[in-house]
Amino acid sequence: MDIAGKVVSNRREELDALRGIAAVVVLLHHAHWLWPPPWALPDSLLLHTPLRMIATGRAPVLFFFVLSGFVLTLAVQRRKSFRMTDWYWRRTLRLCLPITAGLLLSLLLYHLCRFHPISHRLNPFFWQAQWGRLPTWTDWFEETALLGDATGTGYPLDAAVWSLAHEWRISVLLPLVVIWRRAWIPTIAVSALVSVVLIFSGEVAPDITLGRGLMNGLASTLYFTVFFAAGYAMAVSGARLPKGKTIRFMAWMMVLAGCSIGRDSVVLLGSCALIALVSDPASRSCRLLRGGIWQELGRISYSLYITHLPVFLTVVAWCGLFMPPVELAVVSIVCALLVATVFFWTVEMPAHRLSQFHRKRIAPPVLGGDLPPTGPTPL
């Protein structure tokens, strides 16, 4: 991953910042789960305002998918020549090595916490869904290979990995953009048709995350292709917002709707609008996101997405019985940011350098560097 690159080297720093903000929203979503019902905000605020992103956590993960389609397509387009095997190796190194280390960290933390009772005052997610049984090395291998949905076991070591399983599968197909570079209209149309058919056929649920079993797991991945295809279409078409305050105001209203309305189609449109808004170098939002804390969050966003849930679970196991929920949430967030920073320098950066070394040894010359994995997948 090209870290902290400048605009002159083709980095899209404003998009790095968006990725960091989306990762923080996923972090806040899981921190919100630490609050028992008396602390919960009313549904009118949580489900009909931008706070919905924190309540459900789905919107930022779907945004990750659109952003992945956009930045990975730009990375492919910048190449003078292209080798499919080189692409697969580097995507494997950049995506899967940090996932492997993150799941190993989760396995280690589980054994450090397994004899600490979890407070039942907290959301059941923290004492049923995650670390609900003794994990084995087979579980670790299946999750590392991103086969948790295919085997039906899910990702109990780190639920956030579900979105990265879809990202890996879809990114395997993304190099076809080299062959079909300008056919973005049929690409988005076919992807949308596949998603609609899967929903109305009952093969996948409207709020699908993971399938159960091999075929249903692949069907859920097919559903999410429309989000990657939307980002791909924006990249290859060079989509830009027309000039004018009215157009920009309408685009921001679409972003607001995507944050506040619980429909994937609205989130998709809002994600595209947000990328278009901040991609304009002359816009105030673009200039704001190119510096300061936003870039630091973007830098560690992938590490934060991978490691924050095991860290949360560890804090809950050690402190959940005697620490008030709000304090527990604050401590969990601080610890997650610290661990993500260490993980970035000790795991993610070495994985990046390894992929760069691989590219220098066997890949043809390229224009610019690849952009990092953006899964949230949530996030």
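Start by selecting residues 95–112: this stretch is 100% helix and 0% strand, and its end C-alpha atoms sit 26 Å apart. Helices here are DSSP runs of H or I with at least four residues, strands are E runs of at least two, and both are numbered from the N terminus.

Before moving on, a word on what you're looking at. This is a predicted model, where local features need pLDDT of at least 70 and side-chain atom pairs count only at pLDDT 80 or more, while totals for chains, interfaces and linings use all residues. Residues are numbered from 1 along each chain as its sequence is written, and side-chain values use heavy atoms, with hydrogens and water left out.

That opening stretch is one of those that UniProt, in an unreviewed entry, labels "transmembrane region"; others include 17–35, 55–75 and 249–279. UniProt positions follow the numbering used here, feature names are shortened, and annotations may be inferred rather than shown by experiment.

Now select 249–279. This one is 87% helix and 0% strand, with its end C-alpha atoms 15 Å apart.

Next, pick Trp252, which lies in helix H11 (residues 245–260). Is Trp252 buried or exposed, or partly exposed? Trp252 is partly exposed, because its relative accessible area is 34%; buried means under 20%, exposed over 50%, and partly exposed is in between (1.4 Å probe, protein chains only).

Beyond neighbours within four places in sequence, Ser285 contacts Trp252, Arg248, Leu277 and Val278; contact means heavy atoms within 4.5 Å. Ser285 counts as buried at 15% relative accessibility.

Last stop: Cys286, also in helix H13 (residues 284–289). Cys286 is buried, with a relative accessible area of 0%. Leaving out residues up to four places away in sequence, Cys286 touches Glu14, Val278, Asp280 and Pro281.
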